[in-house]
Amino acid sequence: MVTMHDVAARANVSVATVSFVVNGTKSISSATTARVEQAMRELGYRRNPVGAALARGRTKIIGMLYPALQRPLSGTVGGFFTSATARARERGYQLVLWPISNESDEAMALADTGLVDGVLLMEVQLNDHRVPALIAGRTPFALIGRTAEPEGLAYVDVDFGATVSTAVETLAALGHRDFCLVTGGSRAGRFEEHGPAERSRAAFLADMESAGLTGTVRYCLEDSREGRAFGRAFRDELPDATALLLLNEHAAPGIVIGLREAGVRVPDDLSIISLGSSAHMANMVDPTLTFLRSPADELGRLGVDTIIDRIENPDAELPAVLIPCEMVPGDSVAAAPPRT
């Protein structure tokens, strides 16, 4: 097996110099570094990343915790992953996706290993058991999302209140007065007190009351087949509704198909806006959906910046960033039909 001594002899440097290059623990001139790396390639020397991390005192790895056992992946979630990964690399870190359950012991199992320098939590619940567990530990963490009381936490999140209000105001201006909001979340039995669902629900009901509108909240499992069944039954359950807000990216295509099968015309009979969604989902159905684009790319980058800043400067001010979704026109919105 090739050793550092072999590399040092080939590059005509000391073993300590080879160690500095391999582990990154001391600045070495570019010419010497190039000579050592050339010798490593010629001899087939392979770095030991664990040893290098121990030598530096850091692994330069961030763990992104996504509760894949409870929450299905989507195109919007993919935007978080890709932008976060790219930003981590720009700042000299590697990001590792950890698709586990949303339990505190699972989070601590990763954080306590010492394999990651920091943890980034996704799909945060209002009462998220991972948060107090990580507070009690020593591993820095940040959130893409918020708990019910996020004071004292570093987080970035969608401004769901502003997002819902934009959708309601857009449809109300077209004469719609009877609304329905469809989410997944806890009342669909999949994810207890999911922050986006619960905050959107609260904002929706507040907007209905303040504007004197009629609003109903319904829940649908995050599955296209369930969405189709929901769409078929929609008009029987809510015969007067003319505006539908969807915070359920997985069920949305099925809902549109089910509505068509039930004879409900979009947008002539029912206008639809998808909340916190993506062009990928909006273009899966006919007509294409008007949607409020999730700032997934922005939040992925900001989330990584937040956790790296926490790692490198633990005493810095804790960021609390909210970004509203952006309206993207489609073909699923029209003026409210005449009342019968």
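**Note on helix faces, cores and aromatic pairs**

1. In this predicted model, Phe-230 and Phe-234 are four residues apart in helix 10 (residues 224-237), which means that about one helical turn separates them. The two rings form a tilted aromatic pair, with 6.1 Å from centre to centre and 45° between the planes, and both residues are buried. An α-helix has 3.6 residues a turn, so residues three or four places apart point the same way.

2. By the rule applied here, the count of aromatic pairs comes to two. Besides the pair in helix 10 (residues 224-237), there is the pair of Tyr-66 and Phe-81, whose ring centres lie 5.7 Å apart and whose planes meet at 85°, so this pair is edge-to-face. Because Tyr-66 belongs to strand 1 (residues 61-66) and Phe-81 to helix 5 (residues 75-90), the pair ties together parts that are 15 residues apart in sequence. Tyr-66 has a relative accessibility of 1% and counts as buried, and Phe-81, at 14%, counts as buried too.

3. Helix 3 (residues 30-43) has 14 residues and spans 20 Å from its first C-alpha to its last, close to the 20 Å expected at 1.5 Å a residue. Which residues of helix 3 are buried? They are Thr-32, Thr-33, Val-36, Ala-39 and Met-40, and because they cover an arc of only 125° around the axis, they lie on the same side of helix 3. These buried residues pack against helix 1 (4-11) and helix 2 (15-23), while the face turned away from the buried side carries the exposed residues Ser-30, Ala-31 and Arg-41. Gly-44, which follows helix 3, has a positive phi, near 75°.

4. Helix 9 (residues 195-211), with 17 residues, reaches 24 Å between its first and last C-alpha, again close to the expected value, which is 24 Å at 1.5 Å a residue. Its buried residues are Gly-195, Pro-196, Ala-197, Glu-198, Arg-199, Ser-200, Ala-203, Phe-204, Asp-207 and Met-208. As for what they pack against, the partners are strand 5 (155-158), helix 8 (160-172), strand 6 (178-183), strand 7 (214-219) and strand 8 (243-247). Just after helix 9 comes Gly-212, which takes a positive phi of about 70°.

5. The largest nonpolar core has 44 residues, and of these Phe-179, Phe-204, Leu-245 and Leu-275 touch the most other members. Leaving aside neighbours within four places in sequence, Phe-179 is in contact with Val-168, Leu-171, Ala-172, Phe-204, Met-208, Leu-213, Thr-214, Gly-215, Thr-216 and Ala-243. Among these contacts, Phe-204 and Met-208 are also listed with the buried residues of helix 9. A second, separate core has 23 residues, including Val-182, Leu-246, Val-266 and Met-281.

6. On the cysteines, how many disulfides does the structure hold? The number is zero. A disulfide is a covalent bond between the sulfur atoms of two cysteines.

Terms used. Residues are numbered from 1 along each chain as its sequence is written. This is a predicted model: local features need pLDDT of at least 70, side-chain atom pairs count only at pLDDT 80 or more; totals for chains, interfaces and linings use all residues. Side-chain values use heavy atoms; hydrogens and water are left out. A disulfide is a pair of cysteine sulfur atoms within 2.5 Å. Helices (H or I, at least four residues) and strands (E, at least two) are DSSP runs, numbered from the N terminus. The expected span of a helix is 1.5 Å times one less than its number of residues. Buried means under 20% relative accessible area, exposed over 50%, partly exposed in between (1.4 Å probe, protein chains only). The arc is that of the directions from the helix axis to the C-beta atoms. Contact means heavy atoms within 4.5 Å. A nonpolar core is a set of buried Ala, Val, Leu, Ile, Met, Phe, Trp, Tyr and Cys residues joined through side-chain atoms within 4.5 Å. Rings of Phe, Tyr and Trp (its six-membered ring) pair if their centres lie within 6.5 Å; planes under 30 degrees apart count as stacked, over 60 as edge-to-face and the rest as tilted.
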